[in-house]
Amino acid sequence: MRVAIYPGSFDPVTLGHFDIIKRSAAMFDHVIIGVLNNTAKTPLFSLEERVNMLRDTVLDLDNVSVESFQGLLVDFARIKKSNTIIRGLRALTDFDLEMQMAQSNRTVAPDIDTVFLSTSVQYSYLSSSIVKEYARYNVDLREFVPECVISKLMDKIK
Ligand code: ADP
């Protein structure tokens, strides 16, 4: 059973994330989306809201589940009996930080590998931050986030 962990803040989940989720689900037996409870960041959505939006988004994907975690990602991966971490890469600007995280994770957990999936071109500019900015200016969000996120995002921005 090949289990992969896809970690992130998902504040909120975008279609760019969802694209990575679907592609990972086709490659692994089970994908666990790990929503980070990061006390150093102040997210727009609570942990529970982020988890719930993701659960709605992946409802039709049988081999994908959503959980929250705090602490070290590699510890979460071990608890879940996974030795693969999935990360998405958009542009060169993602590369430095992602490489640093992958290498530091491998230093503390040599048995766990990071797999990078390159973004689909149509989502290469898309981030949770941009989506929140668009929501503030009433841009039509249907091209950027799953349907279930739109009303929650608009309510929050109000
Ligand atoms: P984090 O705070 O861990 O970066 P994010 O929710 O911003 O959490 O992103 C989670 C993962 O999804 C990261 O690997 C990020 O690079 C990737 N990602 C975000 N947006 C996109 C996108 N549009 N296309 C591909 N990957 C993406």
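Grid points are joined across faces, edges and corners, and a volume is the space filled by probe spheres set on the points.

You're looking at a predicted model, where local features need pLDDT of at least 70, side-chain atom pairs count only at pLDDT 80 or more, and totals for chains, interfaces and linings use all residues. Residues are numbered from 1 along each chain as its sequence is written, and side-chain values use heavy atoms, with hydrogens and water left out.

**Stop 1: the largest pocket.** Its volume is about 1200 Å³. Select Gly8, Ser9, Lys41, Arg87 and Glu98 to find the residues nearest the centre, out of 44 in the lining. Now colour by element (DSSP runs numbered from the N terminus: helices are H or I, at least four residues; strands are E, at least two). Helix H4 (92–108) is among those giving two or more residues to the lining, and H4 has the largest share, with 8. By type, the lining splits into 18 nonpolar, 18 polar and 8 charged; here Ala, Val, Leu, Ile, Met, Phe, Trp, Tyr, Cys and Pro count as nonpolar, Asp, Glu, Lys and Arg as charged, and the others, Gly among them, as polar.

**Stop 2: the ligand.** Show it next: the ligand sits in this pocket, meaning more than half of its atoms lie within 2 Å of the grid points. Around the ligand are 16 residues, with Tyr6, Ser9, Phe10, Gly88 and Tyr123 the closest (a heavy atom within 4 Å puts a residue in this set). That shell holds 6 nonpolar, 6 polar and 4 charged residues.

**Stop 3: polar contacts.** Look for N or O pairs within 3.5 Å. Then pick Thr119, whose side chain has an N or O atom 2.9 Å from a ligand nitrogen.

Stop 4: Most residues other than glycine have a negative phi, and most peptide bonds are trans. Zoom to Asp11 and Pro12: a cis peptide bond joins them, with omega about 0°. Pro12 belongs to the loop between E1 and H1. Finish at Lys81, a non-glycine with a positive phi of about 55°, in the loop between helix H3 (73–79) and E4.

Terms used
A polar contact is a pair of N or O atoms within 3.5 Å; within protein, one must be able to donate a hydrogen and the other to accept it, and residues adjacent in sequence count only if both atoms are side-chain atoms. On a 1 Å grid over the protein atoms alone, a cavity is a set of points where a 1.4 Å probe fits but cannot get out, and a pocket is an open set with protein on both sides within 12 Å along at least five of seven lines; lining residues have an atom within 4 Å of a point.
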